[in-house]
Amino acid sequence: MSGDVHSLSAVSLLSVWRAAIVKVVSLDVPDLTARQMAVILVVYTLPGPHRVRDLASYLSISKPAITRALDKLEASGYLRRRSDKEDGRSVLIQRTVKGSVFMTEMGDILKGALAEISPPE
């Protein structure tokens with residue numbers, strides 16, 4: 001393929017997403033909603049610190065919705081919450097080793113899915 005991922009058509013990008021999702025559902029990992037996946041992606045791909053209020057603002061959803069997503073992600077071991085020592089009213093969201101492994105696997109799956117539709121020249 002000439003160019004880069006930005007030159008892919010919408011259908012091609014959807015094919016990458018499909019291939020990745022098909023692979024993910026075959027893994028022995030917890031099923032995550034789109035909202036939960038959005039939260040974990042923000043935490044693992046954007047610089048922190050990450051606070052509940054910042055995540056809610058970034059994703060344009062309520063703090064209770066973030067809290068519900070974090071409940072599942074924390075129960076899965078992908079993230080952890082702790083009090084912000086500088087601002088006792090705030091909750092910081094931290095990465096975990098298990099979450100880092102999961103996100104690396106997701107990146108590898110996406111890379112493989114992209115390679116399936118756009119083999120090197």
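Colleague: Which residue is the bridge partner of Arg51 in strand 3?

Modeller: The partner of Arg51 there is Leu92. Before we go on, a word on the source: this is a predicted model, where local features need pLDDT of at least 70, side-chain atom pairs count only at pLDDT 80 or more, and totals for chains, interfaces and linings use all residues. Residues are numbered from 1 along each chain as its sequence is written, and side-chain values use heavy atoms, with hydrogens and water left out.

Colleague: What makes strand 1 and strand 3 a pair?

Modeller: Two strands pair if DSSP finds at least two bridges between them. Strand 1 and strand 3 (residues 91–95) are joined by two bridges and run antiparallel, so they pair by that rule. Besides Arg51 with Leu92, His50 stands opposite Ile93 in strand 3. As for the names, helices (H or I, at least four residues) and strands (E, at least two) are DSSP runs, numbered from the N terminus.

Colleague: How many bridges hold strand 2 to strand 3?

Modeller: Five bridges, again in the antiparallel sense. Within strand 3, Gln94 is the residue opposite Arg80.

Colleague: Why is helix 1 called oblique to helix 5?

Modeller: Helix 1 (residues 10–25) and helix 5 (residues 97–117) pack at about 135°, with axes 8 Å apart. Axes are lines fitted to C-alpha atoms, for helices over the stretch in contact, and angles run from 0 to 180 degrees between N-to-C directions. Under 35 degrees counts as roughly parallel, over 145 as roughly antiparallel, 65 to 115 as roughly perpendicular and the rest as oblique. The angle therefore makes helix 1 oblique to helix 5.

Colleague: How do you know how helix 2 lies against helix 5?

Modeller: Their axes come within 11 Å and cross at roughly 100°, so helix 2 is roughly perpendicular to helix 5. Met37, Ile40, Leu41 and Tyr44 of helix 2 meet Gly99, Ser100, Phe102, Met103 and Met106 of helix 5.

Colleague: And what is the angle between helix 2 and helix 3?

Modeller: Helix 2 and helix 3 (residues 52–59) pack at about 115°, their axes 11 Å apart, which makes helix 2 roughly perpendicular to helix 3. Ala38, Val39, Val42 and Val43 of helix 2 make the contact with Leu55, Tyr58 and Leu59 of helix 3.

Colleague: What makes the rings of Tyr78 and Phe102 a stacked pair?

Modeller: Rings of Phe, Tyr and Trp (its six-membered ring) pair if their centres lie within 6.5 Å; planes under 30 degrees apart count as stacked, over 60 as edge-to-face and the rest as tilted. One aromatic pair is counted by this rule. The centres of Tyr78 and Phe102 are 4.4 Å apart and their planes are at 15°, so the pair is stacked. Tyr78 lies in the loop between helix 4 and strand 2 and Phe102 in helix 5, so the pair ties together parts 24 residues apart in sequence.

Definitions and conventions. Contact = heavy atoms within 4.5 Å.
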